[in-house]
Amino acid sequence: MNIELIKLDSKRTRNYFLIGLLFSLSGCFGVTKTFADKKYFLIEGDSVRAGEVKSAPKGSVLKIRRFSISQKFEGKEFVYRKDNVNYESDFYNSFFISPSSNLREELVKGLLSRKIFEWDAGQNTRLEPTHFIEGTVSELYGDFRSSPKAILSLDLLIYTENAGNPTIVFRKIYSRSLDIQTKEAGDLVSGWNQAMTQILTDIESDLKGKIETK
């Protein structure tokens, strides 16, 4: 047999063996890696209080003039505080829409369903607002330094305006730090939901008798 043919066949056999070995090792060492699916969440406060029937102040119309969130927490990805100086964002768990839009919608929905205001000028453009609202979310994160907590803080300002001159009706900072069962994203969102519900309940109580229309 031709010596060159023998060498060629031997080389081919060695190459096939090496290729087979690489495929085998890739399976053993997990080169083919699967990634976790991204999950999306929304904060939803309980807007309606059961067992209580009342009417909103007649003709009261709210308008959200400004609603913002601290740059530390304005992104869609969840933020966790791991120690006193270390914060982390979570690529795999995030808000379905921007947290600013999410919390703004929940605030308006809560103010209307709890009969604090009768109308929203943002949805009824022909109505003139009787009250303007500005809100700033200064904290929105999971505190995982020790036992896990859901953190939410909202600075709320309500005022009227006459010929461009504002009159402050109400201002208060609402802060909640609620224990949650685990550090899982679902438990964190449940904590934020509870925090938002408590804040809406406090707003309802604080604004009782303060929203007047002429």
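What is the volume of the largest cavity? Keep that in mind while we walk through a few charged pairs, and we will end up inside it.

Before you click, note that this is a predicted model, in which local features need pLDDT of at least 70, side-chain atom pairs count only at pLDDT 80 or more, and totals for chains, interfaces and linings use all residues. Residues are numbered from 1 along each chain as its sequence is written, and side-chain values use heavy atoms, with hydrogens and water left out.

**Stop 1: Glu-118 and Lys-58**

The structure holds 11 salt bridges (a side-chain nitrogen of Lys or Arg within 4 Å of a carboxyl oxygen of Asp or Glu). Select Glu-118 and Lys-58 to see one of them, with 3.9 Å from N to O. Glu-118 sits in the loop between helix H2 (99–113) and strand S5 (119–120), and Lys-58 in the loop between strand S1 (39–41) and strand S2 (61–69), so this contact ties together parts 60 residues apart in sequence. Helices (H or I, at least four residues) and strands (E, at least two) are DSSP runs, numbered from the N terminus. Glu-118 is partly exposed at 26% relative accessibility, while Lys-58 is exposed at 68%. Here buried means under 20% relative accessible area, exposed over 50%, and partly exposed in between (1.4 Å probe, protein chains only).

**Stop 2: Arg-114 and Glu-204**

Next, pick Arg-114 and Glu-204, whose closest N and O atoms are 2.9 Å apart in a salt bridge. Arg-114 belongs to the loop between H2 and S5 and Glu-204 to helix H3 (residues 185–206), so the pair joins parts 90 residues apart in sequence. Arg-114 is buried at 3%, and Glu-204 is buried at 7%.

**Stop 3: Asp-202 and Arg-176**

Stay on helix H3 for Asp-202, which meets Arg-176 of strand S8 (residues 165–179), so parts 26 residues apart in sequence are tied together. Asp-202 is partly exposed at 27%, whereas Arg-176 is buried at 16%.

**Stop 4: the cavity**

Now select Phe-67, Leu-103, Val-137, Leu-152, Leu-154, Met-196 and Ile-199, which line the largest cavity. Strand S7 (149–162) and H3 are the elements giving two or more residues to this lining. A cavity is a set of points on a 1 Å grid over the protein atoms alone where a 1.4 Å probe fits but cannot get out, and lining residues have an atom within 4 Å of a point. And the answer to the opening question: the volume is about 30 Å³, taken as the space filled by probe spheres set on the points, which are joined across faces, edges and corners.

Methods. 1 Å grid on protein atoms, 1.4 Å probe; cavity = no way out; pocket = protein on both sides within 12 Å on 5 of 7 lines; lining within 4 Å.
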